[in-house]
Amino acid sequence: MQVKATYHDIWHIAYPIMLGAVAQTILGLTDTAFLARVGEVELGASALAGVYYFVLVMLGMALSIGSQILMSRKAGEGNRPAIGNIFDHSIIILMTLSVILFAVMYYLTPLFFSRVLKSHEIADACNTFIQYRSFGIFFILPVNCFRAFYTSISTTRYITYTSLVMTITNIILAYILIFGKLGFEAQGIAGAGKASAIAEVITCIFLIVITALKKDIKSFGLFRFHKISFAQINQILLISAPVFFQNLLSMGAWFLFFVFIEQLGEHQLAISNIVRSAYMVLMTPVWGYSSAANSMVSNLIGQNKPDEVFRLIKKIVTLSLLSIAGIFLLNLIDIRFLLEIMTSDKRLIEDSIHPYYVIWCGMFFFSISIVLLSSISGTGKTQVALMIETANIFIYLSYAYLTAIVFKTKLEVVWYVEVLYWITMGVCAWYYLRSNRWRNSKPL
């Protein structure tokens, strides 16, 4: 369970997480590709509703990240029972949170979309999607907790299996329900919501079963729930709270970004959904390195090896940049390939080209900045990561509002906010890491 600052260990932890990110990305990508063939309203609505759902999922993800930091620290110390105890308490917290998030989605979402969106058709389509997708929240949050557990103990191959189950299930169900195959009625955007929710249910059941059957996992004492410790719950919440608000800010800003674009028109929103889906695909390998940085930095500190942290971060950044460079070179073969997967509409493809170029500029800075920010969280200084995020979100929203709402600029100009955001984020994160103030971290 103790990791080393080697390229082998980084890749061993990162690549299954990448596959897990692929599964989550494909949920949105499948909706985009299929709904683009239904209509522009459905395509635009799936962008807004999908990001809205992702915002709420990321709140639960924050608790999983906090748990991952704690479990990774205990893995570095070689304390298996403590890892199981943190996992059990995390499940309790996440299931409580899922009830709250479900109530928000199911009962408050219709009022929310009707107030903030200009197009009534898009608002209705968003509500339809969320009404069905909301049931998946009870299952995707525990799935994220399992992923945090397997990442923290460096046994990430189960994340690979999970990704395959979620991806295959979602594609098959979405195709059947959206277009009405195998005797089912064509359900459009409602079918997309149902397919994603069912895929999350099946994935959660799969993870529970394989975990229960693995003998080598039993030494961690998962699912014991012997005695609820409010001190343990408090520790998880304290380390997770800054990540919670950090995710709320970042994903909330991401959602507002699309609300601003919706004010420009349904066509611009449809274009942005295509670009967003391509962006999420391109980000996939970097999320794996980001999660690896979070876990491995905490593990090294748990081993009392803080001097190796910078060497580790530099190696992870190097791999992250090489991954993006490789994808970029492949993309040069056919610049429209990824966009053509999303839609067959030639006008949408052509109008997406310039914003697509912009996100490629942002990808270079993203591949560095997110690793640096995750490394700060891995040291246990999650409150510092929150402060950095807050400052940069203010810049992000100010630029997006001015370009989309006030000046109503071209769409690609609005999308330049991603370049600005990741540059300023990286500078702030690097400055803090170089200050060495993170070395004052208290034991977790």
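To sort a lining by class, Ala, Val, Leu, Ile, Met, Phe, Trp, Tyr, Cys and Pro are counted as nonpolar, Asp, Glu, Lys and Arg as charged, and the others, Gly among them, as polar. What you see is a predicted model, in which local features need pLDDT of at least 70 and side-chain atom pairs count only at pLDDT 80 or more, while totals for chains, interfaces and linings use all residues. Residues are numbered from 1 along each chain as its sequence is written, and side-chain values use heavy atoms, with hydrogens and water left out.

Let's begin with the spaces inside. Rolling a probe the size of a water molecule over the atoms shows where empty space is left. On a 1 Å grid over the protein atoms alone, a cavity is a set of points where a 1.4 Å probe fits but cannot get out; a pocket is an open set with protein on both sides within 12 Å along at least five of seven lines, and lining residues have an atom within 4 Å of a point. Points are joined across faces, edges and corners, and a volume is the space filled by probe spheres set on them.

Searching the whole structure gives two cavities of 30 Å³ or more. The largest cavity has a volume of about 1000 Å³. Its lining comprises 42 residues, and Phe54, Met58, Met61, Ile65 and Trp287 are the ones nearest the centre. By class, that lining has 24 nonpolar, 15 polar and three charged residues. Helices here are DSSP runs (H or I, at least four residues), numbered from the N terminus. Among those that supply at least two residues each to the lining of the largest cavity are helix 1 (7-35), helix 2, helix 5 (137-152), helix 8 (230-262) and helix 12 (346-378).

The largest pocket holds about 240 Å³ of space. Helix 9 (266-302), helix 10 (309-331) and helix 11 (337-342) are the elements that give two or more residues to its lining. Residues lining the largest pocket include Val281, Leu282, Asn331, Asp334 and Tyr356. By class, nine residues of the pocket lining are nonpolar, one is polar and one is charged.

Now follow helix 2 from end to end. The expected span of a helix is 1.5 Å times one less than its number of residues. The 38 residues of helix 2 (residues 40-77) should therefore span 56 Å, and its end C-alpha atoms are 53 Å apart, which agrees. A bend is the angle between axes fitted to the seven residues ending at a residue and the seven starting there; helix 2 bends by about 25 degrees at Leu59. Is helix 2 mostly covered or mostly exposed? It is mostly covered, with 32 of its 38 residues buried (buried means under 20% relative accessible area, exposed over 50%, and partly exposed in between, with a 1.4 Å probe and protein chains only). Val51 lies in helix 2 and is buried, because its relative accessible area is 2%. The C-alpha atoms of Val51 and Phe258 are separated by 8.6 Å, although the two residues are 207 apart along the chain. Gly78, with a positive phi near 80 degrees, follows helix 2.

Helix 3 (residues 80-116) has a kink of about 60 degrees at Leu108, shortly before the proline Pro110. At the start of helix 3, a side-chain oxygen of Asn79 comes within 3.3 Å of the backbone nitrogen of Ala82, a polar contact (a pair of N or O atoms within 3.5 Å; within protein, one must be able to donate a hydrogen and the other to accept it, and residues adjacent in sequence count only if both atoms are side-chain atoms).

Helix 12 also begins with such a contact: a side-chain oxygen of Asp345 lies within 2.9 Å of the backbone nitrogen of Arg347. Helix 12 bends by about 40 degrees at Ile353, and the proline Pro355 follows within four residues. Just after helix 12, Gly380 takes a positive phi of about 100 degrees.

Most residues other than glycine have a negative phi. Phe223, in the loop between helix 7 (188-213) and helix 8, has a positive phi near 60 degrees. Phe223 counts as partly exposed because its relative accessibility is 34%.
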